[in-house]
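I opened this entry to keep track of what I looked up, one topic at a time.

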Amino acid sequence: RFPEDLEDENTTFNPEYSHQVFGDDEVAFGYKGLKIFLYYIAGNLSTLFRIEYTSKVNEKFDCVEADNVESKIREIIPPGFCTNTDDFVSLLEKEVNFKPFGMLLHTYSVHNEEAGEDITYQIYKADMTCPGFREYHERLQTFLMWFIETASFIDVDDERWNYFLVFEKYNKDGATLFATVGYMTVYNYYVYPDKTRPRVSQMLILPPFQGEGHGAQLLETVHRFYMSSPTVLDITAEDPSENYVKLRDFVLVKLCQDLLCFSPGKLMQGFSQEMVMEAQQKLKINKQHTRRVYEILRLRATDMGDAEQSRSYRLDVKRRLMGPYKKKQRELAKMRRCLRPEELTNQLNQIDLNMQHEQLEESFQQLVSDYRRVLERLAQA
């Protein structure tokens, strides 16, 4: 944001992963004192890239060749980046002209203890028809390689992609500027005969902004955007991480808690088709996610100190968790009919019932622990 940020360690954040660039060992071979500098201007993400090192192996004398670090980085950052610090700093003056892309969906504020004030954030929906967005997105997606374990760049020429962007509004010398906070990509799958199923593909909040609630704001805004569309069936996610599942639990419970079908009285009667229908029709939530919402809200309505209520809740959740084990038992019944005795004994040895009960109890306790964290966060929201 400011020239002095270049020398400020507090504005620097390091990659979480580098294996997608430097291999599984995350090693750049052949250098002493290697430093890789990647700087981005806060708004439009204009990039500075340079490397420094104290020494490098020489093929002529050491008979080995150093890794070509520069070419590895160039493979993921788009051309047009700066290699000179002065050129990069001069681009800061143009930041005042940078404005978010697309349509404004939501504005919210977060209290910043350090600054002692509320900071304003905005969420926009963009697409490739927005002037300059294609080039901006090329720069933005480079962060995926450092912060998502199995990231890949998407085909931006496919018009079924939607892009949702989070920006911070801040003041500099009396002008209002915007800083990139994070984003989400969503792919709209076709569902026969006339529906679509939006699927969250990538979601990233940049490290300086993590832990401030921006992920929840973004996911809720995306849900609300699709909720208003009669052609959307439900919203899913592609290979969701554990953190994403926890975030989704919080957002969906927040959206569902005021629906009549999730009133305490109805929750205590068990999971119902009414819950499935209402959650899908009003909030575009599928059956599997609705079931988790039900279990979280029923936990809130249950007095776990009451032996009968606690037992009823435990049995209800465990019946669902039993699904994979029952599938194994059905497979075993088939085996009894078609396997020779010695083959059957071998299979039975792999399915220890005591172990199943232990795993089931462990899964239940972990689930309740996760659910309690969602309810704690909900109480503070």
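**Second largest pocket**

I looked up the second largest pocket and found about 1,300 Å³ of space in it. A pocket here is an open set of points on a 1 Å grid over the protein atoms alone, where a 1.4 Å probe fits, with protein on both sides within 12 Å along at least five of seven lines; lining residues have an atom within 4 Å of a point. The volume is the space filled by probe spheres set on the points, which are joined across faces, edges and corners.

I noted that 42 residues line this pocket, and that Ile 148, Met 203, Ser 241, Asn 243 and Tyr 244 are the closest to its centre. The elements giving two or more residues to the lining are α6 (144–147), β8 (175–191), β9 (195–205), α7 (214–227), α8 (242–256) and α15 (353–380). Of these, β9 gives the most, with seven residues. Helices (H or I, at least four residues) and strands (E, at least two) are DSSP runs, numbered from the N terminus.

I sorted the lining into 21 nonpolar, eleven polar and ten charged residues. Ala, Val, Leu, Ile, Met, Phe, Trp, Tyr, Cys and Pro count as nonpolar, Asp, Glu, Lys and Arg as charged, and the others, Gly among them, as polar.

The model is predicted: local features need pLDDT of at least 70 and side-chain atom pairs pLDDT 80 or more, while totals for chains, interfaces and linings use all residues. Residues are numbered from 1 along each chain as its sequence is written, and side-chain values use heavy atoms, with hydrogens and water left out.

**Domains**

I found domain 1 (3–95), domain 2 (99–299) and domain 3 (321–380), with bounds from an automatic or database domain assignment. Domain 2 and domain 3 bury about 1,100 Å² between them, 73% of it on carbon and sulfur atoms; buried area is the accessible area (1.4 Å probe) that two parts lose on being put together, summed over both. On the domain 2 side, Phe 250, Ile 296 and Leu 299 lose the most area to domain 3, together 51% of what that side buries.

**Salt bridges**

I counted zero salt bridges between domain 2 and domain 3, and 21 in the structure. The term means a side-chain nitrogen of Lys or Arg within 4 Å of a carboxyl oxygen of Asp or Glu. Lys 246 and Glu 242 form a salt bridge (3.5 Å, N to O). They are separated by about one helical turn because they are four residues apart in helix α8.

**Backbone**

I noted a cis peptide bond from Tyr 192 to Pro 193, and Pro 193 is in the loop between β8 and β9.
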